[in-house]
Amino acid sequence: MASLHSFSFNIPTHKNFRPSIWNNKRTRSNLFFLNKSYTTFISIKSSTTNTTLPFLSQEKIEEKIEEIDDNNQESPEENPEQLDEIWTEIQGCNNWENLLEPMNPLLRQEIIRYGEMAQACYDSFDFDPNSKYCGTCKYEGANFFERVGLSGRGYTLTRYLYATSNINLPNFFQKSKISSVWSQHANWMGYVAVATDEAEIHRLGRRDITVAWRGTVTYLEWIHDLKNILHPAHFRADPSIKIESGFFDLYTSKETSCEYCSFSAREQVLAEVRRLIHRYRGEKLSITITGHSLGAALALLSAYDIAEMKLNLTGDHGDDAVSKIPLTVFSFAGPRVGNLKFKERCDYLGIKVLRIVNAHDKVPKMPGIITNEKFRHQRYIEDKLSFPWSYAHVGVELALDHTRSPFLKKSGDLRDAHNLEAHLHLLDGYHGKDGEFRSAGGRDIALVNKSCGFLKSECEVPPNWWQDEHKGMVRTGDGRWVLPERPRVESHPPDTAHHFAQVIKYARAKLELF
């Protein structure tokens, strides 16, 4: 066996900055706190990191594995059922009854999978204000999932979603400091994707349409930008159904002078979901919407809109011919979106919402600090007194607690408790409200530190390690370093207006059936 003394090697990208042995599911979660007397070191140097990490000889690794096995360390949980057999329950048809305590293995797997699709919005977003592409997605749709480490998932990205930044949420939008920018008015907000791989469709038990909305991983100041003013939703003729005005503006505003914002985020997502439903009509379908932080608010708002516009109803003549496409929201660290009437309307429409929150995160407690769903007299003050600051969460809550993880440090940084990768880490180790933290799927804990420094120093994972090599700069043949031009992404498919018009037309027709 070759000797493993200190040496250096170059790591070209963030995807393989750690020794490959850490990717072994059987050992990865047990390598961080081993006896230091067993440890040799490798000095890792790259353009983005220059650090020293512990590394074990193969002999010592095998000794530790045997020790763990001798101590009856639990193996990753097995799934006694197939997803295609119980997918409607996993999507919430029974409001996740008997699936959360204890956590159903398939549900855990699916929540994390959709959380990773939301995380992809962060991993692909250009946050750099010194880049002329700030506010865009860094990757083309054709290789999007591959670039964010989600290749082989069986989904095809069908369109990007944009929103105008000309609204009163200055701490949410990212704008370039460079005068020559891709757009003065737009920010990339997420994407729509659909399951296209036959093996994945078989595993899921249906063809799934997924919408993923971007939140903010860098700043929490956007929550203070909220006016805390309720605005009539205007998606149906009932002005008592209200949503927070900042969310309403973000979802419905457009800027006709900008090609990326010539359609509102609302028009874009409704048009694309309608197009996909029409394309795959006759098949078993589901619509799943996910998002983190402000993206979670948009996820719930767009799900409500889809249901209110009867977009998830199929069939044209008579109640017997009408069927409903399951509509589910997996929300991570989301704020309250609307008033009690909004919540009740979402319940009536059959929107299934599972809210994953960290008990120590401040964002899910806002807005509605004064009056919310926990206040016994909320209905009275909303109906009789027209109280303008009454908010209510929608759906079922799964509350996690980051203090139960032995890998996470005590932190006074509010962003750590709000971090999406931390939520996924906690999900992997969740075994009930009173259960001990124990990894169920061997999820790599290093992912927590992608965009923060929440892991304990003993884990020896550098903070904020997810970044492009050389910040995207490349060296030309004559030795100069330049930021290459990115291929221009299509702003909107040419049939967007047509499909949105069809949404409005058929919504009116379906309303006549009820």
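1. E460 is located in the loop that runs between α13 (420-429) and β15 (474-475). In this predicted model, the residue has a positive phi of about 55 degrees, although it is not a glycine. The backbone value deserves attention, since most residues other than glycine have a negative phi. With a relative accessible area of 23%, E460 is partly exposed.

2. S293 belongs to the loop between β9 (285-292) and α9. Is this serine buried or exposed? S293 counts as buried, its relative accessibility being 0%.

3. For α8 (residues 265-279) and α9 (residues 294-308), the axes come within 11 Å and cross at roughly 55 degrees. α8 is therefore oblique to α9. The crossing of these two helices is right-handed.

4. Which residues form the contact of α8 with α9? On the α8 side they are R266, V269, L270 and V273, and on the α9 side S302, D305 and I306. By class, the residues of this contact comprise four nonpolar, one polar and two charged.

5. One runs from E101 to P102, with omega near 0 degrees. P102 is found in the loop between α2 (83-90) and α3 (105-123). Another joins M366 and P367, and here omega is about -20 degrees. P367 sits in the loop between β13 (352-358) and α11 (378-383).

6. How many disulfides does the structure hold? The number is zero. In the case of C137, the closest cysteine sulfur is that of C121, at 8.3 Å, which is too far for a bond; a disulfide would require the two sulfur atoms to lie within 2.5 Å. C137 is buried, with a relative accessible area of 9%. C93, by contrast, is partly exposed, with a relative accessible area of 37%.

How values were computed
Residues numbered from 1 in each chain as written. Predicted model: local features only at pLDDT ≥ 70, side-chain atom pairs only at ≥ 80, totals over all residues. Heavy atoms only, no water. Axes fitted to C-alpha atoms, helices over the stretch in contact; angles between N-to-C directions. Helix = DSSP H or I, 4+ residues; strand = E, 2+ residues; numbered from the N terminus. Parallel < 35°, antiparallel > 145°, perpendicular 65-115°, else oblique. Left-handed = near helix turned anticlockwise from the far one by under 90°. Contact = heavy atoms within 4.5 Å. Nonpolar A, V, L, I, M, F, W, Y, C, P; charged D, E, K, R; others polar. Buried < 20%, exposed > 50% of the residue type's maximum accessible area, 1.4 Å probe, protein only.
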